[in-house]
There are 2 protein chains.
Amino acid sequence: MALLSPSRRLRRTPFSDGVEAAGVQAYTVYNHMLLPTMFRSIEEDYRHLKSAVQIWDVSCERQVELRGPDAGRLVQLLTPRDLRPMLPGQCYYIPIVDETGGMLNDPVAVKLAEDRWWISIADSDLLYWIKGLAYGYRLDVLVDEPDMSPLAIQGPKADDLMARVFGDVVRDIRFFRFMHLDFQGRDMVVARSGYSKQGGFEIYVEGGDIGMPLWHALMEAGRDLDVHAGCPNLTERIEAGLLSYGNDMTDDNTPHECGLGRFCNTQTAIGCIGRDALLRVSTEGPVKQIRAISIGGDRVPGCDRYWPIKAGSKTVGRISSAAWSPDFNTNVAIGMVRMTHWDEGTDLTVETPDGARPATVHEKFWV
Amino acid sequence: MALLSPSRRLRRTPFSDGVEAAGVQAYTVYNHMLLPTMFRSIEEDYRHLKSAVQIWDVSCERQVELRGPDAGRLVQLLTPRDLRPMLPGQCYYIPIVDETGGMLNDPVAVKLAEDRWWISIADSDLLYWIKGLAYGYRLDVLVDEPDMSPLAIQGPKADDLMARVFGDVVRDIRFFRFMHLDFQGRDMVVARSGYSKQGGFEIYVEGGDIGMPLWHALMEAGRDLDVHAGCPNLTERIEAGLLSYGNDMTDDNTPHECGLGRFCNTQTAIGCIGRDALLRVSTEGPVKQIRAISIGGDRVPGCDRYWPIKAGSKTVGRISSAAWSPDFNTNVAIGMVRMTHWDEGTDLTVETPDGARPATVHEKFWV
């Protein structure tokens, strides 16, 4: 692995001091911000995430805040998901598409009130798209990036840790719902959500000054729970089928290709951008789609580019994420496969930089 | 320095194979793409850039292409710089601001024809802002990111190297002008431009397949010129006063604060976004501004966050980029300073992570 040159442009977070003290070894850059990728080792981090509880600095999940009478109208403009059933206190995963139906981001929308929303973004400057639209449409809404840094608590012991800091009330928060809770006199939105399948919470921390006090309080409270600094784990998220914007999908892809058709209500989400482009694909289905793929042989190298998937000499797809899975004793991967070869159990070949490997298509991920 | 985890999301470029073979040691991430930051050492790269010629993979200067009858109208909407004098064949540096006058990017616009432009962007997804506006305004224009990867040739021997590959005609290209030239039967736009003060060119390479053939041809042709792979050099660009979006300026800053007031024709650039917000500042001037700042003592650490600038106990600015300069035997820096303390020769204190250092404000950079 090469080194990452530090600069102001790769923004630190309110938790960076804690991350460094915990011995971070590697980062990625996400929304112009540092996102840790490894503390002890990918495998040790993986085992620990599945057995204990971790504190993740996911400040890079930047928020776009929408405030004003047109906020709700603007959010519906952005996504083919029908938002009419959504109540304040709920989180929705909302694919965002452009006028051609191409994915621009796949954020979680947090509805604070009818006229106030946060959009918790994946790695693209969605702020610019939303601001451009708001300006072009002359909408009565303020759009900006607030000083808000999410901290995730993930792992099977997440409820226990959170209860010690925020009270037992956290146990009552349902999946993709949130509560306003107090920490040292500060209001924090606490949602049951997060980028793993081990369960847990995301705390929306407003104001950088309260970041390290919260970090320390959680570390202190979780000592006997074996709490440790952690981060989204490549292997665990592939096993779980959690997609990554920029890796597994780009603006070349429709939500349907990404297996996100169930979040698109193309008939009823009237007025959303990209509706015309998606109407046909929503009826007929996509011709290629995201699949779980197991790759044979020993540990694959880091997947830093698309790896072609072949059926004989014909390219029928590409791998976009791959990692060795200790629990399933195989390489787990995410790829896009053409419909001619996407059925369960189809045997194919993947061209990795180390050479060709046998691979098998699965309709379900490893959870 | 920490490690950078590889992933597809941090895009490789058509020249990555060459960059790796040349022994790249460190990267940054820029527009979701790998940008090399060091080959031999910052100092060795710096000496070589100033004495020979380097080939830079600056594919991360992604292009936003605008095509169609409303292309010119849209570009003028984006920037307070008056584009009426601009002819096809010219490049203009154009600050891009939002409706509040805050900088969103500081790209170079390349006017190919009245109805076809490239915008060569700094590190933010300007594509999203432009697409959002084009859609909101219902403009008759296509906006996308073409498969275009700039390769820069920089250094005092750049003309000699380029002439060997593209012919002596390159010597006639004036600063910020371009020509269409042929390489192995492919049309390439070659501009006299680049992110150093050593002189040179940027080649707009269309199609990834021709990337390595061009790289090899330049390396081969420049053997006796001591050509080497290089990259934008932190020390050289600070000496030269070349600003970096995300480091030295953000959307909190007006162009006037960044010393870019001369590129804002607020009176005549009618219809541009942010004009109302900038009218007053363009008359009265900003209350803080970018300055060259020398910092005393030995080599400063990497500037990965703002360093406060103090006059006594009062904060009067912040440093955003800093590096040791072998040629000027001081630490060179870029900072934003309030008008009360921005005059030439003002002595101040900079709070670095290593402790306080004496510093001096300069009205001119080191070139």
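Predicted model: local features only at pLDDT ≥ 70, side-chain atom pairs only at ≥ 80, totals over all residues.
Residues are numbered from 1 along each chain as written, and chains are lettered from A in the order written. Local features need pLDDT of at least 70 and side-chain atom pairs pLDDT 80 or more, while totals for chains, interfaces and linings use all residues; side-chain values use heavy atoms, without hydrogens and water.

**Exercise 1.** Work out how the radius of gyration of chain A relates to the globule rule.

*Solution.* Start with the rule: 2.2 Å times the number of residues to the power 0.38, with the radius taken over C-alpha atoms. For 367 residues the rule gives 21 Å, and the radius of chain A is 21 Å, so chain A is as compact as a globular protein of that length.

**Exercise 2.** Find the salt-bridge partner of Asp248(A).

*Solution.* Look for a side-chain nitrogen of Lys or Arg within 4 Å of a carboxyl oxygen of Asp or Glu. The partner is Arg237(A), with the closest N and O atoms 2.9 Å apart. Asp248(A) sits in the loop between α7 (234-239) and α8 (275-284) and Arg237(A) in helix α7, so the pair ties together parts eleven residues apart in sequence.

**Exercise 3.** Decide whether Asp248(A) and Arg237(A) are buried or exposed.

*Solution.* Recall the cut-offs: buried is under 20% relative accessible area, exposed over 50%, partly exposed in between (1.4 Å probe, protein chains only). At 0%, Asp248(A) is buried. Arg237(A), at 5%, is buried too.

Definitions and conventions: Helix = DSSP H or I, 4+ residues; strand = E, 2+ residues; numbered from the N terminus.
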